[in-house]
Structures are given as structure tokens and as C-alpha cells.
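Please read it with the structure open.

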Amino acid sequence: MEKFTQLDGLVVPLDRANVDTDAIIPKQFLKSIKRSGFGPNLFDEWRYLDHGEPGQDHSKRPLNPDFVLNLPRYRGASIMLTRDNFGCGSSREHAPWALLDFGIRALVGTSFADIFFNNCFKNGLLPITLPAAEVDELFRQCTAQAGYRLRIDLDAQTVTRPDGKVLRFDVEPFRKYCLLNGLDDIGLTLRHADKIREFEARRRLEQPWLFGQ
Amino acid sequence: MGAQTLYDKLWSSHIVHQEEDGTVLLYIDRHLVHEVTSPQAFEGLKLAGRRPWRLGANLAVADHNVPTTDRANGIDDPVSRLQVETLDRNCEEFGITEFRMNDVRQGIVHVIGPEQGATLPGMTVVCGDSHTSTHGAFACLAFGIGTSEVEHVLATQTLLAKKAKSMLVRVEGPLQKGVSAKDVILAVIGKIGTAGGTGYAIEFGGSTIRALSMEGRMTLCNMAIEAGARSGMVAVDDTTIDYIKGRPFAPAGEQWERAVAYWRTLKSDEGARFDRVVELDAARIEPQVTWGTSPEMVTAIDGMVPDPALESDPVRREGMERALQYMGLVPRTPITAVGVDKVFIGSCTNSRIEDLRAAAAVVKGRQVAGNVKLAMVVPGSGLVKAQAEQEGLDRIFRAAGFEWREPGCSMCLAMNADRLEPGERCASTSNRNFEGRQGPGGRTHLVSPEMAAAAAIAGHFVDVRNML
Ligand code: SF4
């Protein structure tokens with residue numbers, strides 16, 4: 001997993017609540033057996049005017065000029081502002097994969113759906129939760145000001161606005177540690193292999209029916 | 001230790017290790033695998049030179065991409081075919097039990113787990129699919145995971161997790177005739193919203209829930225995720241135990257007695273404290289129909305399409321306006337005036353034998369309306385299909401003009417050939433009415449199997465209570 005320490009990035013505002021993972025990456029692209037290449041299909045149904053299928057040449061498809069990701073001023077954005085319950089719906093990890101592949105490294109919003117939130121951390125995409133009033137203000141500033149950027153410092157747990165105001169955010173220590181160091185969860189867990197074996201052996205005695213088949 | 005909730009018990013009995021910040025290494029008893037979210041996990045395993053930790057914990061099936069029509073020639077779409085073949089290959093290579101596409105035990109992953117007795121009380125059950133919450137009906141801690149976690153479970157038989165808050169949804173009293181578990185859960189979501197359960201594990205309790213069959217409880221827990229909760233659960237009682245008895249993966253003999261004795265402890269203790277309690281009166285729950293593009297956009301059958309102008313919160317108002325535009329609906333239209341083009345009875349929410357029986361009871365001796373282009377029934381598994389055929393349900397559906405299909409996810413998410421055309425309106429027993437879910441531009445209304453059947457007959461939404 002790629003490390004996340006600091007990020008100074010252009011911000012794109014996605015002003016909708018309940019953005020679901022079907023919208024983030026529509027199901028036809030889930031047929032891929034790879035982990036990469038989902039970026040061109042991020043928000044496919046909102047981003048393009050035609051219907052997308054895997055294997056198309058996306059550079060030739062008609063773009064929806066009104067969709068925020070297509071506005072020239074947001075080209076190259078690496079931070080996305082979001083609203084309530086972002087990432088609800090299916091467990092598809094293709095959603096964070098598509099966001100990352102597109103170039104988004106951090107999300108700033110009021111709330112994220114549980115599974116999506118978890119999937120982000122597994123891939124080095126940082127979801128930041130802030131109070132509604134602060135997010136409202138970020139939306140206001142970002143739409144008002146071209147080239148709006150934020151500075152994120154994971155170690156210090158801060159988001160710094162262009163006007164210098166510093167917003168603090170919470171992150172669970174263990175997740176933070178893994179993200180800062182780009183640690184692979186499986187490797188970390190396997191340090192406890194003996195404990196897992198011990199637990200399993202006890203379970204086998206107490207509930208042998210769980211190990212029957 | 002004081003009074004514990006069911007969730008407390010399930011959680012604490014699976015802790016292998018705990019970090020200082022409360023992050024827990026949780027032991028996983030059952031891992032269900034399907035073709036869409038597993039290929040990258042198997043690839044990761046291979047790249048790292050790892051093997052599955054405990055083969056017997058895994059059970060695999062292809063469901064999302066499989067065709068529901070003639071399967072003799074395999075899968076037409078080459079991309080879908082490759083994904084299913086990749087699952088077959090991975091299971092073969094690693095030695096994981098898989099029900100292949102033409103096995104009678106094949107079906108939707110959340111239908112076959114319980115059907116096989118592979119889902120047992122007290123287990124932790126995970127799957128790379130958000131509707132894994134379904135299995136909580138058996139007093140399991142069951143939740144959906146992403147692909148990195150699929151790899152993590154394969155490699156270590158554990159997951160890193162943080163304990164959620166607890167919510168009790170208590171429903172009391174008898175349900176009206178024609179009102180089912182689907183209506184209960186839609187009413188719950190209508191009440192608390194699609195983010196209402198975020199950060200919580202929900203336990204469903206109360207006399208209404210205790211009176212539900214296992215099928216009904218699965219429908220309920222299935223949609224806990226639509227209320228934002230990663231898991232939903234119901235305590236063990238006789239209904240649970242009777243359902244499990246004799247299933248292929250269930251214990252037998254002396255082990256059965258031991259297991260049952262343990263399972264009977266899987267309920268919240270008297271006086272256990274929940275972080276939030278939500279109460280519903282069953283008598284006041286009416287048949288539900290969603291009108292928008294989120295399951296919380298729901299109303300009773302005698303209701304109307306709401307008017308966004310009356311909504312004071314601007315973000316919500318805009319969401320409603322966008323939903324109505326997508327759905328092609330005008331504010332204040334009575335729900336019963338909304339016609340349907342297609343009807344889909346299926347999905348891991350409502351494709352079990354009881355669902356098919358309930359729908360067939362409405363359909364029997366009647367005809368699908370002329371304006372309905374397609375009405376289809378997709379059983380949840382090969383075994384559900386066989387059972388239904390034995391009971392003659394297929395003949396009832398066919399005689400009425402329904403299509404009777406092979407098991408799979410089908411038009412729940414339209415990854416196979418079954419889908420809505422742009423603008424088509426569907427009465428669907430599935431769980432998500434998101435934009436494009438059943439096909440680009442398709443318009444989904446979530447309902448119970450009874451209500452879907454009634455809509456097929458009438459050609460528009462109707463109150464099934466008047467048809468029983
Ligand atoms: S039936 Fe629908 S919701 Fe259930 S597993 Fe299949 S696609 Fe997912």
C-alpha cells in the first residue's frame with residue numbers, strides 16, 4: 001500500500017448526499033479481474049453522455065460538460081469534497097480503486113458509509129470526517145475560488161485552508177499508523193499467527209461442529 | 001460482567017488479539033466467496049506466495065454474472081465468462097469447495113449459505129458483498145468486506161475490526177395480512193434513513209420478529225446494510241434451530257445436542273443496554289413502495305409521490321428533485337397511479353421458497369397485465385427452484401405469464417443479460433433502487449414479493465391486501 005503522509009492538492013466539490021458505490025463505479029466495470037484501470041470509469045454515468053462498457057476507448061466518448069469532474073478548473077484534483085453517507089451501497093473495493101486511479105488521494109466530507117470507509121484505508125485513500133458547518137464552508141470557498149487547494153497533514157491530523165485556518169480531524173491510531181507507514185495488513189496480522197492458531201485450537205475443542213466440513 | 005447484548009457476545013467470543021486503540025483481530029468462522037470481489041484477492045495471495053489459512057472455512061459460488069436462461073452453452077459475454085472461469089480456476093488451484101454454475105446447489109451466495117447449513121449461530125460470517133448482513137438472521141456476526149479484506153481472511157482467518165455501537169430495532173404486535181418482512185425493513189429504513197444505522201450493529205427484536213420465519217428474518221437482516229448498518233441480527237429461538245436441523249453442513253448426533261445448547265445462549269440478556277433503540281408498531285406498517293433512488297425514499301401504498309417543495313433542508317430537497325426527475329415522477333401522484341413495465345421477483349432479499357409461495361398465492365388464477373413487458377421469477381438457488389417446481393409454483397407463474405428462470409443475482413444488479421432499458425419502470429423485490437442499478441436509465445421501485453406479484457397483475461402498483 002502506498003504511504004499517506006502529507007498532501008497539498010487541488011479540491012473538487014461533489015455536492016450530493018448519499019453518493020453510492022454503484023454511482024462511483026457502475027457494475028459493468030466490476031467484471032474486470034484486475035485492480036487497476038478503473039479511473040476512466042469513475043462516476044461513469046454522470047461523467048459521460050453515452051453508456052459506458054468495459055473495453056471502450058474512453059477518450060472518444062462524449063463528456064457531460066455539466067458534471068463537476070469535467071470542469072476544466074478542477075482538472076488534476078486530488079482531494080474531493082463530499083456530503084453525507086458517501087460510499088453507501090455495495091462493498092466493492094473498485095470504488096476506492098477508481099478514485100485512486102483517477103488521482104483522488106483524500107476525501108473530505110461529513111460522513112462515510114462503513115465498508116467504503118474501511119476499504120479506503122486499505123488502499124491508502126484518506127477519508128476525513130469534519131463537522132457539517134466546516135464542510136459547508138469548504139464547499140462555499142471551493143466553489144467561489146478557482147484553483148482552491150487544501151493542505152492535509154495526516155501525522156498532525158490537520159486540514160489547512162488557503163486562508164490559513166487549520167481544521168483538526170480524528171483518525172483511529174491504528175489506521176493512522178498503517179497509513180503513515182504504508183503497512184500491509186496481512187503482514188502485520190501474521191505476526192500474531194501463533195495467537196490465531198491458539199485461538200483456533202481452543203475453538204475446535206469448544207465448538208467442533210464449526211470445523212466439521 | 002453485566003448484561004450483554006447478542007452483539008457483545010458474538011464480538012467478545014471472536015477476539016484473538018486487541019490493539020491499544022481497541023482495534024481487534026477478529027476470528028472468522030465462515031468465508032463465502034463469489035466471482036466479482038475475489039479475483040484480485042486470489043491474485044494478491046499468489047503474488048505473496050500465501051495459501052488459504054483454513055480451507056474448510058471457505059465456500060464459493062458464482063452468482064452475479066451467471067445467465068438465468070439456458071446454461072447449456074455457458075456464458076455469452078466474454079468478460080463475464082472470464083470472471084466466472086477465474087473463480088473456478090482459483091477454487092480448483094487452492095482447493096476451495098465451490099458450487100459450479102450447473103450444480104443444483106448453485107445460487108445466490110446469501111441464499112445458499114443458510115440453505116446448506118454453512119451459516120450457523122454464533123459464527124462470524126464474512127463475504128466480499130455488503131448483503132452478508134443477511135446471515136445475521138441466524139444470530140451470526142455477519143458483515144460485508146472489501147477485496148483487500150477477502151485476501152486478509154483467506155490468508156489469516158481473521159480481520160481487523162473495531163466494535164460498532166449497538167442498536168435495537170424492536171417491532172411489536174402482529175403484522176397485517178399481506179404485510180411482510182420486506183415492508184417492515186422498508187418502514188424501518190424510511191424511519192431512520194439510509195445512514196441511520198451507520199456505525200451500528202442492529203439487533204431486530206420484539207414479538208413481530210419472533211413470529212417471522214427464517215426467510216423473513218433473512219429479508220430483514222439483508223437490508224440492514226440499506227439502513228447503513230454493516231450487520232443485522234436476530235436472536236436464536238426454536239425457529240432458528242428447526243431451520244438448521246438436517247442441513248448438509250449442520251452438525252448431527254451428539255454434536256448437534258452440544259451445539260443447540262450453546263446456540264440457545266445467543267440472545268441479548270435481560271436488561272442489556274443498547275446505544276440506540278428504535279420502536280415500531282407492526283399494526284401500523286402498511287405495504288411499502290419506494291418512489292426514489294435511495295431505499296429511504298419510501299412510502300405506504302396508499303401514499304403519494306412527495307413534493308420536494310415541502311422539504312426545508314436544501315440538500316435533501318435537491319436530492320428529492322433529482323430522484324423524481326430520474327424516476328420520471330410528478331409530485332403528489334398517488335403511488336397506485338404509477339404503472340410498471342417490468343416485474344422482477346428475485347435477489348438475495350426475496351428469492352427464497354417462502355417468497356415464491358407468497359407471490360404465487362397472489363398470482364394464482366390471474367394474468368399478468370397487458371402493459372407489463374416482462375414479469376420474471378428468479379429463484380435464489382437451484383434447490384429453491386426444485387422445491388418450487390415440486391410444489392407446482394412454476395406452473396402457477398408460467399400460466400399467469402411470468403418467465404421462470406435459472407438461479408442467480410439477475411436483474412437485482414444487471415451484471416448478466418437481465419436488465420431494464422432506459423426509462424423502464426420495474427416493481428422489484430431486490431434491495432437497491434440506485435440510479436442505473438437494474439440497467440442504465442432503469443427505474444426501480446422496491447416492494448415485497450406479494451406487492452410485486454400484485455403489480456404484475458394490475459399493471460400498476462396496487463394494495464395487495466385487496467387481492468388476498
Ligand atoms: S442478489 Fe443482488 S444484492 Fe444480493 S448478492 Fe446478488 S447482486 Fe448483491
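Predicted model: local features only at pLDDT ≥ 70, side-chain atom pairs only at ≥ 80, totals over all residues.

The points below cover the interface between the chains, then the cavities.

1. Every value here is computed from it.

2. Extent of the interface. Chain A puts 58 residues in contact with 76 residues of chain B. The two chains bury about 5,700 Å² between them. Carbon and sulfur atoms account for 56% of that area. On the chain A side, Lys31(A), Ile33(A) and Trp209(A) lose the most area to chain B. Together they make up 14% of what that side buries.

3. In one salt bridge, the side chain of Arg203(A) meets that of Asp29(B), at 2.8 Å from N to O.

4. Who contributes from chain A. Elements giving two or more residues to the side that touches chain B include α3 (94-102), α4 (114-122) and α6 (173-181) of chain A. The most comes from α8(A), with 10 residues. By type, that side of chain A has 19 nonpolar, 16 polar and 23 charged residues.

5. Largest cavity. The whole structure holds 7 cavities of 30 Å³ or more. The largest has about 230 Å³ of space. It is lined by 25 residues, and His64(B), Asp129(B), His131(B), Leu413(B) and Arg437(B) are the closest to its centre. The lining divides into 9 nonpolar, 11 polar and 5 charged residues.

6. Second largest cavity. Its volume is about 90 Å³. The lining draws on both chains, with Cys88(A), Asp114(A), Phe116(A), Thr194(B) and Ile225(B) among its residues. It counts 5 nonpolar, 6 polar and 1 charged.

Definitions and conventions: Residues numbered from 1 in each chain as written. Chains lettered and ligands numbered in written order. Heavy atoms only, no water. Contact = heavy atoms within 4.5 Å. Buried area = accessible area lost by both parts, 1.4 Å probe. Salt bridge = Lys/Arg side-chain N within 4 Å of Asp/Glu carboxyl O. Helix = DSSP H or I, 4+ residues; strand = E, 2+ residues; numbered from the N terminus. Nonpolar A, V, L, I, M, F, W, Y, C, P; charged D, E, K, R; others polar. 1 Å grid on protein atoms, 1.4 Å probe; cavity = no way out; pocket = protein on both sides within 12 Å on 5 of 7 lines; lining within 4 Å. Points joined across faces, edges and corners; volume = space filled by probe spheres on them.
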